[in-house]
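Try each task before reading its solution.

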Amino acid sequence: MILESLSYLPKSKEANESLAKHFTDLAPALNARQAAIESSRCLYCYDAPCTRICPSEIDVASFIRNIHDENINGAAAGILKQNILGGSCSRVCPTEILCEDACVRNHDAEGQPVKIGLLQRYAIDNMQFEQHPFQRAAPTGKKIAVVGAGPAGLSCAHRLAMLGNDVVIYEAKEKSGGLNEYGIAKYKLTDNFAQKEVEFLLQIGGITIKHGQTLGGNVQLKDLHAQYDAVFLGLGLGASKQLGLTGEDAPGLLAAVDYIAALRQSDDLSKLPVPARAIVIGAGNTAIDMAVQIQRLGAEEVTLVYRRGFEAMSATEHEQHIAKENQVRMRTWAQPQQVLLDDTGRVRGMRFEKTAEVNGRLSGTGETFEIAADAIFKAIGQSMDETSISDPLAKTLKRDGDKIHVDDQFRTVLPRIYAGGDCVAPGQDLTVQAVQHGKLAAHAIHADINGMKEAA
Amino acid sequence: MADLSIEFCGIKSINPFWLASAPPTDKAYNVVRAFEAGWGGVVWKTLGEDPAAVNVSSRYSAHYGKNREVLGFNNIELITDRSLAINLQEITQVKKDWPDRVIIVSLMLPCEEKLWAEIMPLVEATGADGIELNFGCPHGMPERGMGAAVGQVPEYVEMVTRWCKTHCKLPVIVKLTPNITDVRAPARAAKAGGADAVSLINTINSITHLDLDQMVAFPIVGGASTHGGYCGSAVKPIALNMVAEIARDPQTAGLPISGIGGIGNWRDAAEFMALGAGCVQVCTAAMLHGFRIVEEMKDGLSRWMDQKGYQRISDFQGKAVPNTTDWKYLDMNYKVIAQINQDDCIKCGRCYVACEDTSHQSINQLIDAATGVRTYEVNKEECVGCNLCEITCPVQGCITMVPQDTGKPYMNWTQDPRNPRAENKVVETV
């Protein structure tokens, strides 16, 4: 059990049924009437800024016009053509900094962007195809290994299959979906959506997924490279960054992603350990997801601590707002200094040092304070799981920092090995970005191994 | 406050807002509610000979806008389906109870003088203020030789109008159909027959939309449909033109006009009046929103008149008629150019694609190399002043059409040297 380090904590007082009610859709779906009204607000811009900013190049104006004209399948096909994970992206995309930020109706004089994310969800939720909307091209006879069944890998596999190639996906975990299955807040992807989306995607055919296959463990890159015509690495960032403090391994302190994964996989929320007082360290969307979810599970005092100010948070304003709405206390300009342990060696709180920016550099002021807590969740970012690229061939991959270096066609420095998603340098830790990487990499792979010019 | 009272072909009304002959004026109950709401008058739903007409079930359909707002309305209802006696009795009572309100009785009968002669004393006995001849109903009744079937033949219009003037002492208003090539012909015929006024437009032949599963138009009556009469906001432009045509026709100039067609607010009403209408009739807007709309219509018109310094409706009635002319008298030397207010521009690109694809390629799209921000600018050399960009722009007032000083005098097409048939060609002097 991954939450062993919290096993001594009490469980929620509420029953599973009532806890589950705290994890229903954060942004409920539009009904038909709402979709009609909202789609009528779209101005059908030319060279539309929403489309220009979409990392997966969805023609937003076109799919919204299709919704308005009651051509839901047309709308869905338009979305999926560019982004086969358009359903989960519509739920998890930070639209407030992407399409909806760019929407011309977000202009000062109006300030009410079209609800593009919810309209996209409406199209995908209400599409009714008798068969998978995309057909496979004539078989190429080529076979590609995709490592990782997250958004990048799934997107790459689907596009490769569509282009006529066969694909085998190697996935370490029991389920496919990557962060959609294990990492996103429960109230953002409800009703087992990640699995339904994978099932839909696989309908295209030609894709096999092997679970329990860990790169650097029971699977080696050199073997895949030898067996397949090409390899795509959609590894994600499997390791949680460390605080670098004594007591990091103490009971009561763990990575937020581990708790969230357990929460997402739990079929009985009342069995999860819930601290009465929790500290979340970090300021990304994972930190917010963690803080809000533990609060909803029954924690009485949740404090999110960040070493800089609100404006520097990578969590969007929208996310910060969700945290505030859920009574999460946010403490800025403070950094962890010491994990405080009780007599038995369990977490009892944390000492922080106040911070300030001096000449553009963050430094401690020397002033400290303590926050009592029964658990500490660190959400200070993810990094490459080095064991996954530890075989002799993988070690020769060029790196940009800890990420894998790729060119503009998602080629690594090794021939016939490609990479995309969060594990490569241009990654923005966005699902939609990973989908785009996978899609573009698929075109590059297809063109390279089938000896074609660059795909149009 | 401005005085909204009018006198229309001898009929005094406390305001110019009447309800048109239609379902809202079908019976005393509705009409009383309308008077309570403040309407100046009603044209009672058309009376005919007994036995009364019989209506089908499923009668209306609509043409919707982007957000289900009703742009146009279509109906296949016939004239009153209640007996003549009941209608006459109710009219008498309502007029007695509401002496300061106008009641006009709409009539439709076969083209036999005897029938018209017989009904007139009955109508006069109600105390009604006038009659309106329904020569416009485009659905159902024309199949029986009435309504638009009469209105489309100027000779019939003149003939029946004359019968009515012969047998009736009340003012006679002739209601015209728009389902005709040139509306001036029946208007002239009505005047020749002695009409005191015309009212227009009646509804336009229409099919609003179809059920593509059942392959039948709306409204559906037992699996089939028939064309109806179109009204509501969408017909206003057609009605305004027809009113203007009659107002500026020398042969009918001065003939009182009751304006009808898509009037839903004070501004619509003011526009009809500016093109010559002496009063207006409303139906669809009331059917969609109830009689209460007259409150805002009266208030809006009155405030606008105050602002403009018009004390009574006659102060601005017909004021736009002299400015409505034939194309050939427009100034060929007049020039406007689009101007985009960059502060208001939301960068939707609609003006650009509209002009680029379908007009004169007069808007440039500039892309900032660093930010990718789009800016749209008018190419003044190419702009012909067509107004398309201003029309498609979603931000009111962002694009304006700015008159240019060409330094050239008024010159119309009859004077234009480029016109091979110019009657009054001017010789350009350098």
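**Exercise 1. Describe how α9(A) passes α16(A).**

Keep in mind that this is a predicted model.

Step 1: start with the handedness. The crossing of α9(A) and α16(A) is right-handed.

Step 2: get the geometry. Helix α9 covers residues 151–162 of chain A and helix α16 covers residues 431–449; their axes come within 7 Å and cross at roughly 35°.

Step 3: list who touches whom. On the α9(A) side, the contact residues include Pro151(A), Leu154(A), Cys156(A) and Leu160(A). From α16(A), Ala434(A), Val435(A), Gly438(A), Ala441(A) and Ile445(A) are among the contributors.

**Exercise 2. Find the domains of chain A and describe how domain 1 of chain A meets domain 2 of chain A.**

Step 1: Domain 1 of chain A is 32–126, domain 2 is built from 143–238 + 384–449, and domain 3 is 240–381.

Step 2: check the spacing. Between domain 1 and domain 2 of chain A, the C-alpha centres are 27 Å apart.

Step 3: count the contact. Domain 1 of chain A puts in 11 residues, and domain 2 of chain A puts in 18 residues.

Step 4: look at the domain 1 side. Where domain 1 of chain A touches domain 2 of chain A, six residues are nonpolar, four are polar and one is charged.

**Exercise 3. Trace the strand pairing around β6(B), taking in β5(B) and β14(B).**

Step 1: begin with the hairpin. β5(B) and β6(B) have five residues between them, and Arg68(B) in the turn shows a positive phi of about 65°.

Step 2: read the pairing. β5 (residues 60–64) and β6 (residues 70–75) of chain B are antiparallel, with five bridges. Opposite Tyr60(B) you'll find Asn75(B) of β6(B).

Step 3: move on to β14(B). This strand (residues 228–231) runs antiparallel to β6(B), and three bridges join them. Here Asn75(B) turns up again, with Gly229(B) as its bridge partner in β14(B).

**Exercise 4. Which helix gives the most to the side of chain B that touches chain A?**

Step 1: size up the contact. Chain B supplies 12 residues and chain A supplies 10 residues.

Step 2: pick the helix. That's α11 (residues 350–358) of chain B, which gives three residues.

Step 3: finish with the classes. The side of chain B that touches chain A holds five nonpolar, three polar and four charged residues.

Technical notes: Residues numbered from 1 in each chain as written. Chains lettered and ligands numbered in written order. Predicted model: local features only at pLDDT ≥ 70, side-chain atom pairs only at ≥ 80, totals over all residues. Domains from an automatic or database assignment. Contact = placed C-beta atoms within 7 Å. Nonpolar A, V, L, I, M, F, W, Y, C, P; charged D, E, K, R; others polar. Axes fitted to C-alpha atoms, helices over the stretch in contact; angles between N-to-C directions. Helix = DSSP H or I, 4+ residues; strand = E, 2+ residues; numbered from the N terminus. Left-handed = near helix turned anticlockwise from the far one by under 90°. Pairing = 2+ DSSP bridges.
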